[in-house]
Amino acid sequence: MMSWVTSGTGSASCRFAHYFVVCGLDTETGLEPEELAGESFEQSPLRRSFKSKVLAHYPESTDRSPFNRDAVNMLCMPHGLSFRSQADGREHHFHSFTVAQDDGTRSYGFVHTYYEAVTSAQITTAMEILHQMHHVEHYSTSSSSSSSASSPSTSSMDSLVSSLDELDADSLSACLGCAAGSFQPARDTLYASKALCLLTPLPFLHAAHHFLSQLHQAVTSHAAPPLPLESYIHNILYEVPVPPPGRSLRFHGVQGPIVCQQPGPEELPLGDYPLGEAFSLLGVENMVRLLTSVLLETQVLLYSQDYQRLMTVAEGITNLLFPFQWQHVYLPILPVPLHHLLDAPVPFLMGIQRKDCSQCSTLDLSHEANLCFVDIDNHRVDPPEDLPLFPDQPELILELNEVLLRFGLQPHGGATTSNPAPAAPLCLSSLVLEDLMEDRRNGNLGGEELAVLERLQALARRCGEGGVEGGKTLGRAFQEEEEELHAAKMNVQLREVFAGRFAVIFGRYEEFVIHSAPDLESWLGNRDGTSNFDKGSFLSVQPAPHLHFLSWFLETAMFSSFLDSKVLSRWADQEPLQRVFDGRLESEHPYDTLEDDPGNRRYRKCSVLHKSAQAMERRLLKVDHTAIHPHLLDMRIGQGRHQQGCFPRLQADVLAQGHNTNKWSSRNTRRSDIKRPVTNDTTSGLGNDQREKYSLGRRSLHQSKLLDPSPSAVTQIQRGFVEGLLSECRLKTRRMLMERMGKESVELGQGEASITGLQENTMIHNLCDLLERTWGHGLLLKQGRSALWSHLLHCQANGEKMEPPSPAESPGQSRYLLGSFVQDMRRMLRFLLSVRCVCVFTFRSPPYRQLYKPHAFLLCEEEREQFLFHLLSLNTVDYLCFTRTFTSISIPYRVVITPMKKLSIAMTMSNPWVCVSGELGDSGVRQIPKNTQEIVFQCQNLGRLSTLQLGQENSGLLAKCLVDCVIVHNEITGHTYRFPCGRWLGKGVGDDSLERVLIGQLCLICKDTLWHVKIGYSHTIELVHQMSSLWWTPGLLNLRSNFCDDMGNLTALLCGEEGLVRSLEQFLLHGFKSSRLFQRSVFIWDFVEKVVVSMETADQMGDLRGSTELCDSLCHYANAINASPRNIGKEGKFQLLVCLGVRDQLLPQWLPLLAESHLTARLYEESALVQDHAAVNSLSRILHTLHEFPITLETALIKGVDL
């Protein structure tokens, strides 16, 4: 999430830097061990960590960015204060960090750490005593067989002191003399780490690094700098502004000029961290995996021995998210006192330092199932389970490889740099002399500066190929300039590749944004219950390989925040990132209107790589503005005297506030061509109350509190995690209920809609993730990767008794669950959702307190009960995720034939049989035993059931039965299907059918009574039994609007009780002359057969009118159905004709043929609908719209028909 600032003369927001901070050893408080560092007392004191302090910071505070002393101190020295002697390595190093504010903005810290000689005798003596105590303990433990040393508690320290007193001087000197690495003040010099930090509102990495590096060089130099250090620090704090958007700025450090730049309003936001280094460390494929994990908001943990590598990878990944922004916990450098945040049950992006020679296996992490672990030093990324591929991932990797190879980097990763810190920014470049000459012409140089200019000109003439005395050659400086420009151009091009990918994927997102709220107040008041995006329609136009990733991404907080900003832009200023993204969509048109077919979309490479790099290159090669130079301040003479290697105590009164000497700012504020920079305040234009509502809705945790290690703050943060989990459970279960029951679509005026399998799996995945994070919160001991499954195994090992199964589950369900799904928590949850007992194992008994920390969610009784209430609400709807997902298991099915109650004596069948079909296959023919009405058989999972074939042999005069329905019960999941019939089965009754194809309806079972409630599959239509020419329209529109690729759902829409076949049958029966007296003996198939015979006769006599081809097709299909060996009866034959006509797109042409036949006038009344040409034409047009859908019929419907 990038920070955008406003520019204003004199305000903190327009300054390059907000604070200058010095952290290190406080000689007044002495040595305080860093207890949370996790170090052993057996280590030498020179290898232990001690508490550091903020020694000074300037200014005291600013309006928009208050100074957080504890946070800055921890992040400047994440592992605490360290000591070295003259015999140890004392390399200085650089790292950066970021601090997030509660409003979502960030400030960046840049730290230069070096070792400074300790001049305090008190500290030196304390270190000597610690060394003596350490060696005495080591001597005493090595000479005895006692156990290993205990932790450095108060009692152990006292015992060490007493043992030290008991030893004589000779023994002590012998002990200290033989010990390696001992410290003696008379012989050794003690050095302590000190950090110089610069806090800035924008990530000017290279400029800040070079300023601090020059400052450190001035401190360690033999000669004093030209001006007191206060002049340079005051200059960068108060007199160096942030460059305007699209401009570059030069300011001066201690030893030379420094250049920084800011992208223009239409460019990608500032990203100064070297992406090339991140790709070199991890490789292209690993970087894409990591980006996918971040986009799907998994927990990401970075692991490296170098702090700057942690920041480089974290900032590089977040820069690639444009136009989206990370919305959760973001701590690329997690200090040791904050390691408790690793238990956070929320998505996070955090980084921890690898200790010397430590392995990642030593980490104790409670959330491994949904964790992306990034071992930067070993160039390894371990993504979460079931991580989908990024859209067009192979093509994207190839494009990234081309960019890296163009800049001379290998794409496979694993490359390391000798110095992980970023290269120094532009200095001593070929433009220095030219720019100084320009400053002289503009009158900005004084007498001393003119003399410096003359010396530099002489140096350039004298140098040639030789070296600059005491520094680098000019050739080397020019080479560094080219390398930095090279890296900056690569940064831009790599980011443009990903920005182009998002522009292609979401190029038409605005078409699917739902603006349902009439005003801002109503939208703010009902944000949780309003859908801002038509996810189903958006996914329907995406390529099939992309759906897995996109269905997950549409549920993330970063996409929701992106949509909220879009909706909010109707009443307030548009967010800068979104404005840039939308502007690019309008100007570049990344999607082709001719490519409406998702399957035909081709991968297109980014076309603006060179254009974007050229804009940045122009700013760096031709600097737009120059800040005022450092100058002498009004300060006391004699203080801050230069002492080599020691950073002086600065005059606080001089640095406390800025002086009105910024000629650059006053001059350029009058320029009309400098545009006002964009801001990160998406609520500009809103009232205070509205801004507060919006802000409270966006942030779930106070980011500033995360950096507070005090016990009260830790308790408050853990309490926030508990409340966040409960709120997330409420929102997720509510969303699942609304989607499953179709209420959301009704409220939006879209009619009744069923949830697709893809969206259902996505929501179940999110619920799995929530449960895993809930059970992992505060877990002390875990077995395997899943925290939830670890808890279940512990319950099983302790012999917990399960409650009796509910009426909806069979007695063997619990045993089946434990026996088949060990180590697969997601599969278990799908099963529990399917059997409507999601809490069967979770809250059956209170969690064991010895397994969890006191702040764990499962130990908060009130929140746990509310969590259970929300989970139990899922039992009110049915989920088929288990049967849809696990297709290879064997499931027992129970089939019960129910006769018509009013004619229960008419139940005589001869060798009856059934064949059950579902979306995954059919059971085959199953014979029902004699004198019974039910059968139980076991077969491979059929998925959701759709059709059932019921038949019997034609033997005996009494072999006939009036069947009411057939009930099929899944013995594992508890789902029950009702297949209504209501017709005779047998010869000589009804339509002489010996076989029926029945369509299933999912039912809800209550106790032992088989009563049903229709849900899901049978889409109700209103049959208006009046003389209206449009009474059938709702039924056909219902078929069209609810069509999907689900074959079982399509079968119900076509052949269900109130489906298309039934509607056409009612349409053709309307006005039939003989239907008044012989209602039960009239079948539409008789009329069709007569029309077919009439057409064949007319064709033979040459009197056939109209299209011969259409008439031939109708005759051919009807004859093929009659020739089928199946005895499906006349109703079944008409159903088969309609289904085949819809599939082969012939039904809209057949209907006018039937209406125009000369038999129609003879068999129908004049008021019949089939005699109404307008009604027939309207019905034909509606049927014609079904041609847009690819229709595939189940085998059970068309079996035995040879066309």
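Analyst: **Helix pairing**

The axes of helix H5 (residues 205-220) and helix H6 (residues 229-239) come within 11 Å and cross at roughly 170°. H5 is therefore roughly antiparallel to H6, a label given to angles over 145 degrees, with those under 35 called roughly parallel, 65 to 115 roughly perpendicular and the rest oblique. The axes are lines fitted to C-alpha atoms, for helices over the stretch in contact, and the angles run from 0 to 180 degrees between N-to-C directions. Helices (H or I, at least four residues) and strands (E, at least two) are DSSP runs numbered from the N terminus. Phe211, Leu215, Ala218 and Val219 of H5 meet Leu229, Tyr232, Ile233 and Ile236 of H6; contact denotes heavy atoms within 4.5 Å.

The model is predicted, so local features need pLDDT of at least 70 and side-chain atom pairs count only at pLDDT 80 or more, while totals for chains, interfaces and linings use all residues. Residues are numbered from 1 along each chain as its sequence is written, and side-chain values use heavy atoms, with hydrogens and water left out.

**Nonpolar cores**

A nonpolar core is a set of buried Ala, Val, Leu, Ile, Met, Phe, Trp, Tyr and Cys residues joined through side-chain atoms within 4.5 Å. Buried means under 20% relative accessible area, exposed over 50% and partly exposed in between (1.4 Å probe, protein chains only). The largest core has 173 residues, and those touching the most other members are Phe16, Phe20, Phe83, Phe251, Phe279, Phe506 and Phe647. A second, separate core of 57 residues includes Cys1115, Phe1134, Trp1150 and Ala1168. Returning to Phe83, its contacts beyond four places in sequence include Leu25, Leu46, Arg47, Phe50, Tyr115 and Tyr191.

**Salt bridges**

The structure holds 34 salt bridges, each a side-chain nitrogen of Lys or Arg within 4 Å of a carboxyl oxygen of Asp or Glu. One joins Arg289 and Glu285 at 3.5 Å, N to O. Both residues lie in helix H8 (residues 284-295), four residues apart, about one turn of the helix. Arg289 is partly exposed at 29% relative accessible area, as is Glu285 at 44%.

Glu1131 takes part in bridges across the sequence. It meets Arg983 at 2.5 Å, N to O. That pair links distant parts of the chain, with Glu1131 in helix H37 and Arg983 in strand S23 (residues 976-985), 148 residues apart. Arg983 is partly exposed, with a relative accessible area of 26%. Glu1131 also bridges to Arg996, with the closest N and O atoms 3.8 Å apart. Because Arg996 lies in strand S24 (residues 995-999) and Glu1131 in helix H37, this pair ties together parts 135 residues apart in sequence. Arg996 counts as buried, at 3% relative accessibility. Elsewhere, Arg309, Arg354, Asp375, Asp377, Arg380 and Asp382 are linked in a network of salt bridges.

**A buried lysine and an enclosed helix**

Lys1133 is placed in helix H37 (residues 1129-1143). This residue is buried yet has no salt bridge, and the nearest side chain of opposite charge, Glu1089, is 5.1 Å away. Here Lys and Arg count as positive and Asp and Glu as negative, with His and the chain ends not counted. Neighbours within four places aside, Lys1133 is in contact with Trp1085, Ile1121, Asn1122 and Ile1128.

Helix H34 (residues 1060-1069) is largely enclosed by the rest of the structure, because eight of its ten residues are buried. Among them are Leu1060, Ser1063, Glu1065 and Phe1067. Just after H34, Gly1071 takes a positive phi of about 80°.
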